[in-house]
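Let's take a short walk through one structure together. Please have the sequence and the 3D view open side by side.

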Amino acid sequence: MTQRRRVLFAGGTAAVLLAGTMASGGAAAGTSVTIADKGFTESFIVTQAYAQALKAKGYKVKVKSLASTAIADAALRKGSIDLYPDYTTTLLVDVLKSKKPPKAVVNQVKAIRKGYAKRKLVVLNAAPFNNDNEVACTKAAVDQYKLTTLSSLAAAAPNLVYSANPEHTKRADGLPLLQSAYGINFKSVIQVDIGLRYKPVEDGQAQCVYAFGTDPKIASNKLVVLKDDKGQFQGAAYQGIPVVSAAYLKTAPVGFRATINRVSALLTSDAIRAMNAQVDLDKEDPEDVAAAFLKKNGLAK
């Protein structure tokens, strides 16, 4: 039976309902699983990727749309959902209340697993994509000044214009850090609302922009993200990570964990940026975008 998708908008929040399932045989045929997203583009896409990969294995999948980590966490502990995708530092700070989360992802995951074991929850492998602080520059500037890292930007910065929101120019972990830790002092800084950061670049007024790791406009504007070679600007990682009920995982078919981990491994920052752009900029359906991604990588037909 073909999957149908309805998107209901209520107060600006999209509620995604999946009607129908597609059994494809195998050990997981007939096994039910309920997955939740957190109500925004990136979460829609990642949730759909997990859901459709499981459907291809014969699972009966239901997808719910929830509004926040707090709501998803409560639903998971109550047993009304079995899995949802979140972010490493979000789990440490918002759920486990860590005041100084580790920066390295391997240490973040260890800390989460330890804290979540007490809550009867499990996190599987973290995905490679990271929704953290970035500096992205036009390909023309990158080629002209041979930019690869934030440190390499220091020599070229006096010739370049930077676009950023006002808060970033004052925060200790923002532009002041780029100046003190990397020696980056731009020719000038165009200050705009956070939602308009890319407009000066699109208008040809700026060559670099304060970006978030998975901003879709990085891809749509063909910008290049500079590597944080000193590891100070990006700070703690916000890598995608799926959270699962320990009770569900205990009874799930053997291939459940492997399927989720295989999907996660494919979710690089470049892949997520491109898919976010398809949804936010090209107005494609998250379900279709996720389906094409899985088909391309051999995880769905």
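Which residue does the disulfide join to Cys137? The partner is Cys208, with an S to S distance of 2.2 Å. Keep in mind that we are looking at a predicted model, so this value, like the others here, is computed from its coordinates. A search through the whole structure turns up one disulfide. As a reminder, a disulfide is a covalent bond between the sulfur atoms of two cysteines. Here the torsion about the S-S bond of Cys137 and Cys208 is about 105°, so the disulfide is right-handed. Cys137 sits in strand β7 and Cys208 in strand β10 (residues 208-212), so the bond ties together parts 71 residues apart in sequence. Both Cys137 and Cys208 are buried.

Helix α13 covers residues 269-280, twelve in number, and spans 16 Å from first C-alpha to last, close to the 16 Å expected at 1.5 Å a residue. Its buried residues include Ala271, Ile272, Met275 and Val279.

Let's finish with α14. The axes of α13 and α14 come within 9 Å and cross at roughly 145°, in a right-handed crossing. On the α13 side, Ala271, Met275, Gln278 and Val279 meet Pro286, Val289 and Phe293 of α14. The residues of this contact divide into six nonpolar, one polar and no charged.

Key. Residues numbered from 1 in each chain as written. Predicted model: local features only at pLDDT ≥ 70, side-chain atom pairs only at ≥ 80, totals over all residues. Heavy atoms only, no water. Helix = DSSP H or I, 4+ residues; strand = E, 2+ residues; numbered from the N terminus. Expected span 1.5 Å × (residues − 1). Buried < 20%, exposed > 50% of the residue type's maximum accessible area, 1.4 Å probe, protein only. Axes fitted to C-alpha atoms, helices over the stretch in contact; angles between N-to-C directions. Left-handed = near helix turned anticlockwise from the far one by under 90°. Contact = heavy atoms within 4.5 Å. Nonpolar A, V, L, I, M, F, W, Y, C, P; charged D, E, K, R; others polar. Disulfide = S-S within 2.5 Å.
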